[in-house]
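Morning, everyone. I'd like to walk you through one model today, piece by piece. Please have the structure open and follow along.

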Amino acid sequence: MAQTTIQDILPASGGIPAQLFAALISASDDAIVAKSLAGVIASWNPGAMRLYGYTSDEAIGQPMTMLCPPERQDEIADILTKIRNGERISHYETIRQRKDGTTFSVSVSVSCINDEYGNTIGAASIARDITEQKQVRTAEGLAQRNLDIERANQKLTDFTYLISHDLSSPLRALAFYSGLLMEECADDLGENGRGYAERIATVSEQMSTLIENLVLLSDLARASMYLQTVDLSAEVDDIARDLQSEEPGRDVQFIIQRPVRVRADRTLIRTVLQNLVGNAWKFTSHRDTALIEFGMTSTGDAPVCCYVRDNGAGFDPLYASKLFRPFQRLHATSEFPGTGIGLASVKQLVERHGGRVWAEGKVNGGATMYFTLNAEETDRAAGPAGAAGAAGAAGAAGAAGAAGAAGAAGAAGAAGPAGEAGAAGPAGPAGAAGAAGPAGPAGAAGAAGPVGAAALSRHPR
């Protein structure tokens with residue numbers, strides 16, 4: 001008895017005339033593919049050619065694994081094993097790979113192909129591109145998550161303000177009467193009594209500070225954001241000068257990478273830097289010679305990754321996860337003062353910029369605090385490519401008066417700064433000539449043009 005092949009079965013399926021069957025497969029927008037139990041492609045419809053990019057001549061006779069990214073190739077063997085066992089795969093969502101190497105989301109259904117005796121000799125699959133559906137689902141999921149977060153934040157805010165209102169008055173009264181007690185009854189209290197009254201006043205003050213910090217943390221979660229180009233190096237430099245003016249007797253060396261420009265809310269990102277640099281200053285206070293560094297490094301999950309490093313007290317890495325929780329402290333207040341709210345606010349503000357924060361360190365070996373920003377544009381000192389991005393950003397920011405078109409013109413100029421050094425100037429005119437400079441003349445003699453020029457001048461190539 002001659003062995004039946006998939007090709008023998010395909011022309012007639014379930015009593016459907018061969019010509020109609022072939023027309024249905026050819027007309028389908030989905031990729032319909034037949035393969036042997038060894039995973040070798042036996043048929044290839046036009047929908048498969050459109051979806052994967054291979055012609056039928058290129059695909060037939062090739063293994064199905066060529067349609068999978070490397071990390072997904074084991075799926076083919078798993079699917080065929082289930083087909084041999086009589087199972088059917090319905091709407092299995094996975095990732096497939098086109099001829100050009102790009103990947104996309106698909107929904108795959110697979111069923112067995114049987115010969116006239118009921119023996120399974122292959123499998124037929126239907127794959128549909130669900131990229132758009134997944135994007136919609138993801139967007140809906142994010143919208144729901146944002147709504148849930150907003151509701152949770154509102155509840156937290158309401159609770160925080162309730163606590164603040166209900167506790168503030170009693171604490172003020174407690175501090176007032178303990179102070180009054182020490183002033184008017186100090187002699188009657190004796191040494192022990194005065195000590196108790198002082199402790200009451202101190203604890204009342206600490207409690208008031210904690211409540212203020214809770215309200216601050218709540219306010220940071222709701223503060224409006226205005227993204228603009230911010231030079232983090234200049235901000236750190238300014239913070240360092242303030243710290244040194246407060247404690248001029250300390251020997252602290254700052255190493256600041258320049259420039260580090262990012263897209264961020266200037267007020268909020270400065271709060272991040274004040275907390276991180278302030279912590280580095282505090283935890284190096286026991287060092288005769290302290291070192292604090294700020295710079296940018298690379299990471300795979302965000303366009304911007306910055307760090308603040310010091311050679312201070314450090315911390316036990318086992319407790320690194322506690323650092324960014326409110327009121328969690330790894331050092332005694334008597335050793336290093338604080339409330340434990342600073343790093344919690346850093347985490348919250350960084351996450352509002354689409355980033356994350358983490359720490360590395362060891363006891364008495366210093367600490368490094370990292371944070372990422374999913375900024376729209378960055379300007380790295382490391383190379384011209386980053387600089388070009390930042391130039392476009394600045395142009396866009398100033399171009400508000402030029403109805404956004406001026407920003408586009410500036411971007412065109414920035415793309416051409418390959419001329420290095422002084423080329424940025426000429427590049428600007430080129431952009432203005434082609435473009436959006438004229439679109440913005442509503443701002444008069446060059447309101448748009450000068451803005452673009454200023455942006456370019458701030459970012460020399």
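Let's start with two helices. H9 covers residues 266–283, and H10 covers residues 342–352. Their axes lie 9 Å apart, and the helices pack at an angle of about 145°. One caution before I go on: this is a predicted model.

How are two packed helices described? By the angle between their axes and the distance between the axes. There is also a hand to the crossing. For H9 and H10, the crossing is left-handed.

Now, which residues make the contact? From H9, they are Leu 268, Thr 271, Val 272, Asn 275, Leu 276 and Asn 279. From H10, they are Gly 342, Leu 343, Ser 345, Val 346, Leu 349, Val 350 and Arg 352. Sort the contact of H9 with H10 by class, and you get seven nonpolar, five polar and one charged residues.

Next, the strands. Go to S12, residues 367–373. Is S12 mostly covered or mostly open? Mostly covered: seven of its seven residues are buried. Look at the two faces in turn. On one side sit Ala 367, Met 369, Phe 371 and Leu 373. On the other sit Thr 368, Tyr 370 and Thr 372. Both faces of S12 are covered.

What does S12 pair with? One partner is S10, residues 304–310. S10 and S12 are antiparallel, with seven bridges. To find the place, look for Arg 309, opposite Thr 368 of S12.

Another partner is S11, residues 357–361. S11 and S12 also run antiparallel, joined by five bridges. Here, Trp 358 faces Tyr 370 of S12 across the pairing. S11 and S12 form a hairpin with five residues between the strands. In that hairpin, Asn 364 has a positive phi near 60°.

S3 is residues 89–97, and S4 is residues 103–114. These two pair in the antiparallel sense, over seven bridges. Ile 95 has Ser 105 of S4 as its bridge partner. The hairpin of S3 and S4 has five residues between the strands, and Gly 101 takes a positive phi near 95° there.

S4 also pairs with S5, residues 120–129. That pairing is antiparallel too, with nine bridges. Ile 113 is bridged to Gly 122 in S5. And the turn? Five residues lie between S4 and S5 in their hairpin, where Gly 118 has a positive phi near 85°.

Notes
Residues numbered from 1 in each chain as written. Predicted model: local features only at pLDDT ≥ 70, side-chain atom pairs only at ≥ 80, totals over all residues. Heavy atoms only, no water. Axes fitted to C-alpha atoms, helices over the stretch in contact; angles between N-to-C directions. Helix = DSSP H or I, 4+ residues; strand = E, 2+ residues; numbered from the N terminus. Left-handed = near helix turned anticlockwise from the far one by under 90°. Contact = heavy atoms within 4.5 Å. Nonpolar A, V, L, I, M, F, W, Y, C, P; charged D, E, K, R; others polar. Buried < 20%, exposed > 50% of the residue type's maximum accessible area, 1.4 Å probe, protein only. Pairing = 2+ DSSP bridges.
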